[in-house]
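Reader: Hi! I'm new to this one, could you walk me through it?
Author: Happy to, let's have a look together.

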Amino acid sequence: MIDNCIYNYTRSNLEDFFISHNLQKYRSTQVYEGLYSQKVKDFNDINNLNKDVKKLLCDNFSIKELKLVKKLEASDGTTKFLFELEDGNLIETVLMIQNYGYSVCITSQVGCNMGCKFCASGTTKKIRNLEVYEMLLQVLTIDNYLQEKGKRVSHVVVMGIGEPFDNFDNVMNFINVINDAKGLAIGARHITVSTCGLVDKIIEFSNFPLQVNLAISLHFAKNEKRDLYMPINKRYKLKELIEACKYYFDKTNRRLTFEYILLDGVNDGLNDAKDLVNLVKDLNCYVNLIPYNSTSHNLKRTTEIRRDEFFNYLVSNHINAIVRKEHGTDIDAACGQLRVNTIKERSND
Ligand code: SAH
């Protein structure tokens, strides 16, 4: 098979391709309709294309698929998909049923180099970045699965394994394709990218022409603590991070989200809540309080009493706080768990 997957191509990349072959650029729109509306698996099945164009496509591109290894459905409908990539690496994708639609959480890298101490994926090194088509196929495969039930993917969050801003160009092209009106037509406001805080990329992202949502994995409101658990904080301190967040807001006018995992006895005291209020009070933001999914580390989830105290402190100080609803607790939905367990099973075979 030709190793040049068509799903790597934005519509404007394809326009360039057709122009370079002395063909009209609107061919790229016909190809997009074939791929993302008709959902063909063979260029010869695309309506409206003549024989020569079909041959040109077959000679230059492939249409790849992801191999589904496992699918686990939780009682609340959350479904985890474990896919195998062409080189044998495994990635996870999660479908969550929200009251506002069907949201897919995608993986952006095989492994991750950020090394956050509380994160299961952080303990494995990055093996490689995902290509655009590998991110795209996570969404497309789940969209096909939903389509059989008369539903569609409405939201995409780049919050699975990996640091999306460490794979910036591919993630931006991926967003371009899923957002394209002739692609998967997922509105920019329905797309969220989550980062642990690569400041230079936050700035670059703020200048991206689409109004995509940004979530920051903050988790600690003081440098001394953040340094201990999130190595990225040694490179970009909180002051710089918050300035970059302000820049994002000024550029996009989009309210951003701070994610804050509540860790028992580590960052869940009222003094921590006070530090958090001081840090974010001037920003137009939400604070999303996340229950910790215990991995093999020596960290524990906060009790509900302490969580509620923390939450109430934020709200009484005029912070828009939310406690994240848990999904798929009966299928080990913690980030990376299915992948890690399957790698272990395979190595025991
Ligand atoms: N690298 C990106 C996206 C992947 S992590 C980022 O850091 O944002 C997605 C989110 O899950 C982050 O907020 C991360 O801090 C959080 N997370 C990681 N491990 C977790 C765990 N064990 N329990 C709950 N949330 C976790």
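Reader: Leaving aside neighbours within four places in sequence, what is Lys67 in contact with?
Author: Lys67 is in contact with Leu82, Phe83 and Glu84, where contact means heavy atoms within 4.5 Å. This is a predicted model: local features need pLDDT of at least 70, side-chain atom pairs count only at pLDDT 80 or more, and totals for chains, interfaces and linings use all residues. Residues are numbered from 1 along each chain as its sequence is written, and side-chain values use heavy atoms, with hydrogens and water left out.

Reader: Thanks! And which strand is Lys67 found in?
Author: Strand S1, residues 67-73. Helices (H or I, at least four residues) and strands (E, at least two) are DSSP runs, numbered from the N terminus.

Reader: How far apart are Lys67 and Gly34 in space?
Author: They are 22 Å apart, C-alpha to C-alpha, and 33 residues apart in sequence.

Reader: Switching topic, what domains does the chain have?
Author: The domain assignment gives domain 1 (6-60) and domain 2 (67-348); such bounds come from an automatic or database assignment. Taken over C-alpha atoms, the centres of domain 1 and domain 2 are separated by 33 Å.

Reader: How many residues of each domain are in contact?
Author: 10 residues of domain 1 touch 17 residues of domain 2. Between them the two domains bury about 1,200 Å², 57% of it on carbon and sulfur atoms. Buried area is the accessible area (1.4 Å probe) that two parts lose on being put together, summed over both.

Reader: Which residues in domain 1 lose the most area to domain 2?
Author: Tyr7, Tyr36 and Lys39, which together account for 46% of what the domain 1 side buries.

Reader: Now helices! At what angle do H1 and H2 pack?
Author: Helix H1 (residues 11-20) and helix H2 (residues 27-36) pack at about 130°, with axes 8 Å apart. Axes are lines fitted to C-alpha atoms, for helices over the stretch in contact, and angles run from 0 to 180 degrees between N-to-C directions. H1 and H2 are therefore oblique to each other; under 35 degrees counts as roughly parallel, over 145 as roughly antiparallel, 65 to 115 as roughly perpendicular and the rest as oblique.

Reader: And how do H10 and H11 cross?
Author: The axes of helix H10 (residues 270-280) and helix H11 (residues 304-316) cross at roughly 30° and come within 9 Å. That makes H10 roughly parallel to H11. Among the contact residues are Leu270 and Leu276 of H10, and Phe310 and Tyr313 of H11.
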